[in-house]
Structures are given as C-alpha cells and as structure tokens.
Amino acid sequence: MEKAANYIKENNEKIINIWEENVNSEIEVAKGTESLVLRNQLSHILNDIMKIMDRYDNFEQVKQGEKFEEIISNSMGHGRHRASTSNYAIKQILQEYMIFHRTLVELIRDAGAYNEEVGNILNYAVETAMIYSADSFSKSLQKMRERLVGTLAHDLRNPLATAYLAIDHIDCEDDPERVHYLKKMGKKSMKNSLQLIEGLLDAITVKAGEGITMHFTKTNLIEDIEWVYEESREIYSNKIILDVREKQIDGIFDGAAVRRILENLISNAVKYGEKKSPIRITVLDIGKEVAIKIHNTGNPIPKEKQEEVFKFMNTKDGGNQQSAKSWGMGLYLVRIVAEAHGGKVSLTSNEKEGTTFEVILRKDANEPGVHKTRLESQA
C-alpha cells in the first residue's frame, strides 16, 4: 500500500499526462477540450487515492473506516464541471474513469507496487467516484435546464402582456392609424412570444455546455431599441425617455435577445425605482461597441448586494427595496446575452445618482448564424 502511494505521489504528473493522452485517443468529444479543462478534478482524485493508500494498511480498514469524503467531493466537482463542458454525457464521464482506472493499474503494476489490496482500493475508489460524478452531472444538467425554462417562462410575461394590452385597447371607432399601430404592436409581441415558446421547447432538450439559442444577424440595433421604447411608453405610467443621437447602429446582433434584456431592465426600473419617476434609456455608439444605459431614481441597491442581482434565481432583496425575487432571473439573462455579444453588464447604484445598468455589446463579436450561449454549472 505504502509503495503504491509513494509511486502515485512521485509520478502524479506522469499519470495524468498518460491518462489525458488515452482519453484524447479514445473519447471523441475530449479532443476539442482544452488540457486544463479536461484535467479539472482528476488530479485531485488521484491525490485522494494516494492519501487513502497512505492512511490505511489494508482494504478491510478502508471498508470499516470513514467514507471516501475527499473523493466524493472532488468527483461531484468533476461531474458539475463536465455538465458545463460541451458535448459531454454520462457515457463519456464513465469512460474517463474507466481509462483512469486502467491507466493507474498498468502503471502501478509496471512499477512493481500492485497487489490485491491496492487493486481493491482502486476499484472501490474509482467506483465511488463514478457514482458521485455521474449523479452530480445529471443534477447539474437538470438545474441548467430549469434555469433556461425559468428564464424563458419569466420573459414570456412581457410580450404577452403587451399583446393583451394592444388587443384590449383596439376600438373600431378609433382612427385607422391608431388601430393599425395597436394591431402591429400586438402582432409583433405575439411573434416574440412564439419565439420564446420555441426557446422553451429547445431548453427541455439542452445538452451539456449549452445555453440559450441566439440568432445573430446583421441588423440596425436602433430599430429594436426604439420598438422597446415605444412599447414601454404604452405599458408603463412612468415617463420613458430615449436619448440617442444615431439613427442607425449596424452590427451582428440578436435583436430579439437585445429587446428582451431591455424589457427586463425597464421592467425592473419601474418595479424597484421611485414610483412615476422618469426612466431614461441612453444609447451610445462607441466605435466597435454599443453602450445601452437604463437609469432610474429611488432607493439604491446596497453595494455589497450589487453582484448578487446577476446570479440566477437570486432571492435576496436590496435593503429597503421590496422583494426582488425576479431579479436573478431577468438580470441573469441580461448578463449572459451581453457576454454572448462579447460584452458585459455593470451596475452603478447610490443615493445621489440613482441606479444605472449599463450593457456593453460588441458589434462584431459573432458571425451571422445560430449560436448557443454557455451556462454556468452549479450544484
């Protein structure tokens, strides 16, 4: 046992290198995975096995002693990580461990350090890791599906509410121009709803590493921004101000996704800002990027909680503000859409200046076509 433990300790890097070569040779999806990503938790699990061998004299002591807490923790981390790695499935995870076990046995045997006790511990340790890693992978993937479904379902409310409002306000005795405008608004909102429903169906079958489907096209972003602006003026009692100098900002964008993040930010500004205070939308063309700012007055979000609002399903409130349970869903979407455009989202909030969310989008971060965003994997 001690001899095998010492061999692992002295040859950790060699073992992982050989394992990585074998994995790249035998598992197709691993070939496109970066080395650092592929190794992830495996070196930690190898160290866990070494410590167990060093701690016990025989397999009976292992069975009667503590559980493999170290391996359980690291194998669960491995499963979570693989859930956010493209194209992985449980089959590939189990294959990784089978190759890991085979590599260890061959190398320890060649070093003259293998015996029945070592074999039993390796079997027990690797089987434990396989069980917990596969379980963690499944749970993490399910949680990502729930994130997508929850986010998309949450965002269905805005276009459906707008469509209902448009239909409710149509009066045959109104002038034809207003009737036409309301019909156009309702029709476009229903189209947005259908796109979100398609996204819901897509989210149900999401695979590891996948997120929301984005449709990038060359478009004038001002048209999408102005549409949300006009729609918001109809829905909310707050005065909505659009401050933009450009008539056209061309780039490769997902216009529908940008509309959704604007709808979320304006909705939050109305919901958590000062009642009936103006909400200002500022759009700046800054070379290769576009900056969109949404500002409202009212109780600020405490500085220590400003990062939390971008986390999925955040349920913490912002100090004196009313419960902000929907923040994490809408603002999580804002963050991943901004990042999918090669940009970012930031927040400034204080008593004097009010609250401003700023979204930066790159004009040329993507080629036209359909892309999947990345979703974080959490236990």
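Asp-285 is partly exposed, because its relative accessibility is 29%. On the terms: buried means under 20% relative accessible area, exposed over 50%, and partly exposed in between, with a 1.4 Å probe and protein chains only. The side chain of Asp-285 forms a salt bridge with that of Lys-363, at 2.7 Å from N to O. A salt bridge here is a side-chain nitrogen of Lys or Arg within 4 Å of a carboxyl oxygen of Asp or Glu. The pair links distant parts of the chain, 78 residues apart: Asp-285 is in strand S4 (residues 279-286), and Lys-363 is in the loop between strand S7 (354-362) and strand S8 (369-372). Helices (H or I, at least four residues) and strands (E, at least two) are DSSP runs, numbered from the N terminus. Lys-363 is buried, because its relative accessible area is 15%.

Before I go on, the ground rules. This is a predicted model, where local features need pLDDT of at least 70 and side-chain atom pairs count only at pLDDT 80 or more, while totals for chains, interfaces and linings use all residues. Residues are numbered from 1 along each chain as its sequence is written, and side-chain values use heavy atoms, with hydrogens and water left out.

Back to the salt bridges. The count is 11. One of them joins Glu-26 and Arg-102, with the closest N and O atoms 2.5 Å apart. This pair also links distant parts of the chain: Glu-26 is in helix H2 (residues 12-26) and Arg-102 in helix H7, 76 residues apart. Glu-26 is partly exposed at 39% relative accessibility, and Arg-102 is partly exposed at 32%.

Helix H7 (residues 90-110) also holds Glu-96. Is Glu-96 buried or exposed? It is buried, because its relative accessibility is 1%. Its side chain makes a polar contact with the side chain of His-78 at 2.8 Å. A polar contact is a pair of N or O atoms within 3.5 Å; within protein, one must be able to donate a hydrogen and the other to accept it, and residues adjacent in sequence count only if both atoms are side-chain atoms.

Last, the cores. A nonpolar core is a set of buried Ala, Val, Leu, Ile, Met, Phe, Trp, Tyr and Cys residues joined through side-chain atoms within 4.5 Å. The largest has 44 residues, and Ile-292 is among those with the most contacts inside it. Apart from that core lies another, of 41 residues, including Val-23 and Val-105.
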